[in-house]
Amino acid sequence: MTRIAAPVINPSHLIYALLNCPLATDRSPLRVSLSPANWGIILVSALTGKATTLAQFAHIGSVVAVEVYKSREGRASGPGGRGVRPGVGGVRWARVRSVAVAGGLGAAAGSGAALANFVSPPIAAGFGGGAGALALYGETWWQRRQERAHADTVWESAVLAGPAAIAGSRFAAHTGSVLYALNPDQRVVPFSPLRRPHQLSIVDWCLEPSEKRMWQVTGGAGSGKTRLLIEAVQQLAGKYFECGWVRHGQAVAAAEAAVTRPGRVLLIVDDVDASPRLQDDLIGMLSALARAPAGQVKVVLCGREFASWWARVRAAMDPADQAVLTPAGRTILTPGLASPADQLQQFQGAVRHYARHFDRPILAAALTGATTAISVAELHAAAAITAYNGLTGSVDLTTALRQLFTTEETWWLTNAAEQQPAINLPLPVLQGAVAAATLVGADSMDQAVRRLAHLPGLTTSSPERRTELALWLHQLYTQRGGQWLDLHLPAYLADRYAALIVTAQPGLPAALATAALTT
């Protein structure tokens with residue numbers, strides 16, 4: 001009986017193979033990886049004792065294969081590194097050719113390595129093809145993995161998954177903030193069936209292969225624009241589209257990142273009429289989207305009105321882009337509920353939902369004092385405070401809103417004493433600080449500290465105290481659009497509260513104007 005000798009592992013051959021295997025550095029000494037082919041080379045070299053020629057030839061083959069692939073794909077990507085559309089001479093055909101050339105070189109190198117070690121031709125050809133394919137696959141797989149990770153980072157820095165950075169402040173979510181519960185992304189009250197046609201019109205447009213890639217949503221403060229978009233995104237996200245809410249000041253970056261995503265993308269630009277700077281960014285964003293493949297990226301612009309600024313944006317764009325950027329449709333939301341019967345029905349239904357949310361008993365109450373049409377935001381605010389404070393009988397709308405703000409101010413004082421005892425500021429100063437955070441905001445903590453220095457009661461305070469106040473405002477609520485300080489609150493209620501505070505503190509308007517000019 002013939003005994004087959006066990007392979008002898010030569011340590012020197014193993015070390016040589018380790019030192020000579022190709023490395024993918026991606027031009028960074030901190031990002032070093034071994035392709036699957038290298039580990040195969042190490043193992044075969046150690047078992048056969050033929051490390052020298054095998055490692056050298058496989059090293060040459062894999063490096064040449066990868067460099068050919070990179071050079072061919074780089075040329076196919078077009079000038080400036082931008083991808084070109086599929087078609088004649090496009091990326092897809094270039095990849096096929098580059099893979100074929102690189103695979104052939106890898107196979108030749110592997111065959112040469114095997115033949116140099118006097119292996120039979122069939123085995124040499126098989127091993128050569130396998131070595132070349134594994135070397136190419138390992139290196140290109142790692143490169144694509146790094147590119148995808150970078151693309152994901154760019155995407156996440158330009159968009160949010162919702163209107164705010166996270167679902168909600170850990171303090172507002174679990175303690176006594178009534179305003180937090182009124183944010184549209186909390187979805188305490190089920191979406192109204194009366195708004196379902198508006199939702200379906202946006203969803204249908206997204207799903208149909210339309211050349212037009214923009215939709216507009218308009219309506220007054222508190223009319224339910226953001227909630228409508230949340231429901232539309234909820235239906236589209238995942239299965240059909242990758243959806244992103246554009247961060248403040250990142251409109252162009254969001255568009256550029258969207259065209260590189262693997263599937264279809266829907267971008268949401270909320271409060272698009274909030275500032276001229278956002279409208280300037282919008283010009284670059286729409287120009288980038290106009291050149292994207294049809295159907296790949298669509299955008300919804302949401303604002304209170306478009307009449308005063310939309311013509312200026314169109315005039316600044318390339319006329320060739322305006323055809324595809326003509327709105328496919330516009331959703332106009334009505335101001336509110338005009339019928340007393342509808343107001344009563346909606347109010348009582350909302351009271352039940354907020355009572356369950358706040359873990360309060362459901363009590364009988366009826367809304368009064370609404371002589372004209374009221375917004376959805378007003379109605380829900382009255383229902384929320386009715387449930388939270390256990391109001392019964394007739395609930396006057398104006399009185400309910402006043403109680404809402406008073407209850408929220410009480411929570412601010414309690415929260416500040418618990419979380420930032422060093423602040424120790426009277427309520428009027430906190431009122432002005434919240435109004436400033438809502439109306440002015442800040443891009444960074446340092447800017448917030450400088451802007452707070454202009455407010456009444458804080459002009460002579462120490463920088464340390466203003467820093468504590470800025471940090472408290474930052475953690476009190478989540479921030480809109482990814483900004484460092486821009487309180488994520490129902491827009492109608494935030495505006496109404498700020499108006500009340502500005503009226504009550506005569507020196508505050510001038511201070512806010514000065515703070516807004518502070519960089």
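This is a predicted model: local features need pLDDT of at least 70, side-chain atom pairs count only at pLDDT 80 or more; totals for chains, interfaces and linings use all residues.
**Notebook: a first walk through the chain**

I started with contacts, meaning heavy atoms within 4.5 Å: residues 24 or more positions apart account for 75% of the chain's contacts with a separation of 6 or more. Residues are numbered from 1 along each chain as its sequence is written, and side-chain values use heavy atoms, with hydrogens and water left out.

**Overview**

I looked up the elements next and found 21 helices and eight strands. Helices (H or I, at least four residues) and strands (E, at least two) are DSSP runs, numbered from the N terminus. Of the 519 residues, 46% count as buried, which here is under 20% relative accessible area, with exposed over 50% and partly exposed in between (1.4 Å probe, protein chains only). The chain exposes about 25,000 Å², by the Shrake-Rupley method with a 1.4 Å probe. Carbon and sulfur atoms supply 60% of that area.

**Strand 5**

I then turned to strand 5, residues 297-303, and found seven of its seven residues buried. Val297, Val299, Leu301 and Gly303 point one way, and Lys298, Val300 and Cys302 the other.

Which strands pair with it? Strands pair if DSSP finds at least two bridges between them. Strand 2 (residues 214-218) runs parallel to strand 5 over five bridges, and Thr218 has Gly303 as its bridge partner. Strand 4 (residues 265-269) is also parallel to strand 5, joined by five bridges, with Val265 opposite Val297.

**Thr331**

I picked out Thr331 in strand 6 (residues 330-332). Is Thr331 buried or exposed? It is buried, with a relative accessible area of 3%. Beyond its neighbours within four places in sequence, Thr331 touches residues including Trp215, Gln216, Val217 and Thr218. Its side chain also makes a polar contact with the side chain of Trp215 at 2.9 Å. A polar contact is a pair of N or O atoms within 3.5 Å; within protein, one must be able to donate a hydrogen and the other to accept it, and residues adjacent in sequence count only if both atoms are side-chain atoms.

**Helix 21**

Last, I checked helix 21 (residues 508-516), whose buried residues are Leu508, Ala511, Leu512 and Ala515. Seen down the axis, they fall within an arc of 100 degrees, so they line one face of the helix; the arc uses directions from the helix axis to the C-beta atoms. Their cover includes helix 17 (427-439), helix 18 (445-452) and helix 20 (491-504).
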